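Let's take a walk through a four-chain assembly together.

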4 protein chains.
Amino acid sequence: MNKFTLLIDCHDQKGIVNAVSGFISENGGNIIDSQQYSLGLSAHFFMRVLVDASEFKIKTEDLDAAFSNIADKFSMSFKFSHHTKRMAILVSKYDHCLYDLLLRKQYGEINVEVPIIISNHLDLKHVATAFNIPFEYYPIERDEYDTNSHYDSKLRQEQRIINRLKELNIELVALARYMQILTPQFINAYPFKIINVHHGFLPSFKGARPYHQAFEKGVKIIGATAHYATEDLDMGPIIEQGVISIDHRDTVEDYISKGRDIEKQVLAKAIKAHAEDKIIVHEGKTLVFD
Amino acid sequence: MNKFTLLIDCHDQKGIVNAVSGFISENGGNIIDSQQYSLGLSAHFFMRVLVDASEFKIKTEDLDAAFSNIADKFSMSFKFSHHTKRMAILVSKYDHCLYDLLLRKQYGEINVEVPIIISNHLDLKHVATAFNIPFEYYPIERDEYDTNSHYDSKLRQEQRIINRLKELNIELVALARYMQILTPQFINAYPFKIINVHHGFLPSFKGARPYHQAFEKGVKIIGATAHYATEDLDMGPIIEQGVISIDHRDTVEDYISKGRDIEKQVLAKAIKAHAEDKIIVHEGKTLVFD
Amino acid sequence: MNKFTLLIDCHDQKGIVNAVSGFISENGGNIIDSQQYSLGLSAHFFMRVLVDASEFKIKTEDLDAAFSNIADKFSMSFKFSHHTKRMAILVSKYDHCLYDLLLRKQYGEINVEVPIIISNHLDLKHVATAFNIPFEYYPIERDEYDTNSHYDSKLRQEQRIINRLKELNIELVALARYMQILTPQFINAYPFKIINVHHGFLPSFKGARPYHQAFEKGVKIIGATAHYATEDLDMGPIIEQGVISIDHRDTVEDYISKGRDIEKQVLAKAIKAHAEDKIIVHEGKTLVFD
Amino acid sequence: MNKFTLLIDCHDQKGIVNAVSGFISENGGNIIDSQQYSLGLSAHFFMRVLVDASEFKIKTEDLDAAFSNIADKFSMSFKFSHHTKRMAILVSKYDHCLYDLLLRKQYGEINVEVPIIISNHLDLKHVATAFNIPFEYYPIERDEYDTNSHYDSKLRQEQRIINRLKELNIELVALARYMQILTPQFINAYPFKIINVHHGFLPSFKGARPYHQAFEKGVKIIGATAHYATEDLDMGPIIEQGVISIDHRDTVEDYISKGRDIEKQVLAKAIKAHAEDKIIVHEGKTLVFD
């Protein structure tokens, strides 16, 4: 089926739904799913519409222009999406999120194309190979005697990756336990298009070794968080969180083991929501339509 | 705020959303929330709209007539709701669901009026009193030597209850562990307006002593089910289900104890969904909007 | 059944279980349940034994002395418990945790005596009355012009409460949303015997208005934490945590509403575990036997 | 560390724990973990002991004989386990449980050896290859005109598999969505050593197409069940169950998709429990120690 998604946000006003649904029905579309959210007339309004466009009269490339009258009238931000997104997966040495994403893609649960898997290590090349996806290796050259040169090396490595992603028309980047803190140059190349999974229940346990932090604190539930990467480490808009109970018999190794199940689930759910254009970022937080 | 809800179902056709939203905006309403569901143009379509009617031009009593043109055009079933529903609670001797409903009503979580609590026993009169709600006692007179007379007695007791409910303009009946199987005369007096909680994970463990059945079977998770009461015992459309893990150390008494938490939660969620006009029954199953 | 519980912790050594089980079987007891935990011979060892003492030869008052040989040999901390604990409930204006504890006590889920409910407000007197439990009112007298005098007033109020608790032989204090920060004098009068419920998923969202904090941060799961009250606010050993999912449609009021269900559950579980002598505090963390 | 597990069940009597712990400590062992369960002196008693045997004086091959005095005295069933179990995985065309088991084995979560993967189809050979595990293909030859010959063919195929498993000293068989009903000859070759995952919340939805059954019924939660395979289809002792919520928007395909996550988790947990000798089957039900 030929479909498109329309995401809208603007100040709430009377007549928005009618204007949008009128645009769609007058042009031959059928609304398959529609969700909206608002806190009332004085507040912000959010809407997602999924349209069966099999008989739609407006060409894909003309959608934005055709909709501009309505968008102007209501001062809307809006975005039409009409094709499967191209996603790069960045990994380091842990394979669980990578396997999970590739299998869900294979089962049709997550609708993305994955033209490339990128890593700073060679460890997971065999997984890419098994799934017939090109794997590219971008090491960060380390000079043990010079911290600055390390940062420079990282900047150069990132630049090479960014260039490659642009070349491949990548629209979404999954950090599947990539284990590197991205610099602002990378973050800003893909604003709200890089999804990271942090193995802690944010805002608790930011930064390094969150399972060790959780163990020290003696919590009874651990979690993982998928969020958009922003310049503030582990502080970007949260998309999805998951938790699992632990008890006194669990060691940090058990946390890591149980955490794997949660990490891959929250990352997959976040990627799926983004791939289906179900997320709007507003004032540092996400709205995730069902 | 002056609000109303509109529930619609019909065959899916182009232009439904536009027609409905047009009706609302042209008459001065603002859509606060709108959800719809369909499996495509050849399938059934379901919609719920919540409208801010503060400035709505059509009077409540004229809504049905005003909407009839659109309803006829699309062959819709539709229902406007614009006031807080009046609910009766039927109980027997268990108090956990009763307390839970009364407290949630008090907190404003469930928006209903409760003009009466009815029981075939006197045990829970004190709870009704503590919450300042009238309690009425309708015993089933038993003649131990005559089974038929027992059924007759039950029919008479039910008829007295039905009369009282009608007198009080009751629109929704919560069976809060009422422990009596209703006869068809009661069921048919309130079709899809009687909500029961069964202490088993239906369709498993229908009928009597479901926790004992679960114990015998050795399941590892037990559950409870809220459903509309129909003539087929424990077979009415399921509205909400909940579960809890149990293990080999749990006795039937532990199941009963753990089950209480689940029973009251699923009943409360089902009542809340019905009270907010979020449920459509279609072909023996429910759609429950979020 | 005549029963007692024995809680032990010491450095792990060979022969502990054998020594303890020998003490019990030689004196005519039968082990109903036994759990132990250790990280190996170089680490700490924890054990809980529940004993059927119907035919036990040692009198309750002689247990400690009789066990001292074994305890000395292994340098054990140990504690026998043989009666239902006496618990005070402290409340302020929120009733959900209070109702929950009283109902679970009534159902036999939590085995405690509750000789008193104490509050700094009169709002919940009616609940105590409905359950036939004495309610006592200890207001904190406020002098709006003098902050110091407020603290003094609080110290005096606490002292009166402590005196009353001692008089009533209270062994466990449940802070059922008491909404007051206890001073060290109160904390130290009942070390690891005061259980508080915090309406946040600690260590996130300590202090005031945790649901507002969670809303600001945009988390997708909220939680509650039951912990022993210590001098560090919301930093005492965590006993139990629970969570519930929220989404963008939930307001802070919805968090509060959903949170009630979690708060009461975690508090009840923590109280139950303590009442059954299933908790050992070690190095700022808890072991909670199943 | 050199370890062994001891599983015991017998009629409950005084002195069992002391006798068992005495046997262990007198012979130089240290109890790492010990769990027991009983409903009292008149009931059955179950115990699992994990022992650090680094300095144990009795050789592995002499354990049974050395323990026979105690076992006879208490009329115990008992079983020592001291090595990693050898497990065969049987699959058909679905790969999710297979990947999950192989990855958990790789991470060290499940302690088994997997010397062989067996299938009646060739579809998953590539997965076995990617994990460097021998894959063997045992097709069931079908004669479309003769049902009896089909059953005969199946019996022959099974016999070839059984022979191969015996040859490889297989001790545990995982049916990882094998999609074939085993005949009694196979079941009886490995009593309570074949673990199946059924994609329904048993006892609901036994047999074929459980997700379709669940969809027809309109349940709000679906589940999966891991159990020992017995001659009664989907009726063997339940080891583990898991559930996930679904709603009206989910199609049968969504059930299948969501179900995958649950199926693999319950199968993995059941395999892990069996691999660690944590399961005792008693009167058609399982005890699964933590």
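## A loop residue to begin with

Gln180(A) is partly exposed, because 14 other C-beta atoms lie within 10 Å; a residue counts as buried with 20 or more other C-beta atoms within 10 Å of its own, exposed with 12 or fewer, and partly exposed in between, with C-beta atoms placed from the backbone. This is a predicted model, in which local features need pLDDT of at least 70 and side-chain atom pairs count only at pLDDT 80 or more, while totals for chains, interfaces and linings use all residues. Residues are numbered from 1 along each chain as its sequence is written, and chains are lettered from A and ligands numbered from 1 in the order in which they are written.

You will find Gln180(A) in the loop between strand S8 (172-175) and helix H6 (184-189) of chain A. Helices (H or I, at least four residues) and strands (E, at least two) are DSSP runs, numbered from the N terminus. Leaving out residues up to four places away in sequence, Gln180(A) touches Ser92(A) and Asn120(A), where contact is taken as C-beta atoms, placed from the backbone, within 7 Å. Asp12(A) is 168 residues away along the chain from Gln180(A), and their C-alpha atoms are 40 Å apart.

## The core

The largest nonpolar core holds 341 residues, and Ala174(A), Ala174(B), Ala174(C) and Ala174(D) have the most contacts inside it. Such a core is a set of buried Ala, Val, Leu, Ile, Met, Phe, Trp, Tyr and Cys residues joined through C-beta atoms within 7 Å. Beyond its neighbours within four places in sequence, Ala174(C) is in contact with Met87(C), Ile89(C), Leu90(C), Leu101(C), Ile195(C), Leu267(C) and Ile271(C).

## Two helices

Helix H1 (residues 16-26) of chain D is mostly covered, with 9 of its 11 residues buried; among them are Ile16(D), Val17(D), Phe23(D) and Ile24(D). The buried residues of H1(D) pack against helix H1 (16-26) and strand S2 (30-38) of chain C, and also against strands S1 (3-11), S2 (30-38) and S3 (44-52) and helix H2 (63-74) of chain D. After H1(D) comes Gly28(D), with a positive phi near 90 degrees.

Helix H8 (residues 252-275) of chain B has 24 residues, which at 1.5 Å a residue should span 34 Å, and its end C-alpha atoms are 33 Å apart, which agrees. The expected span is 1.5 Å times one less than the number of residues. H8(B) bends by about 35 degrees at Gly259(B), the bend being the angle between axes fitted to the seven residues ending there and the seven starting there. Asp277(B) follows H8(B), and its phi is positive, near 50 degrees.

## Chain against chain

Copies are superposed by least squares on the C-alpha atoms of residues with pLDDT of at least 70 in both.

| Chain laid on its copy | RMSD | Turn | Shift along the axis |
|---|---|---|---|
| Chain D on chain B | 0.0 Å | 180 degrees | 0.0 Å |
| Chain A on chain C | 0.0 Å | 180 degrees | 0.0 Å |

In chain A, Ser204(A) has the C-alpha nearest the axis, 2.6 Å from it.

Between chains D and B, 22 residues of chain D are in contact with 22 residues of chain B. Strand S11 (238-245) and strand S13 (285-288) of chain D are the elements that give two or more residues to the side of chain D that touches chain B. The copies meet through the same surface, because 100% of the interface residues of chain D are also interface residues in chain B.
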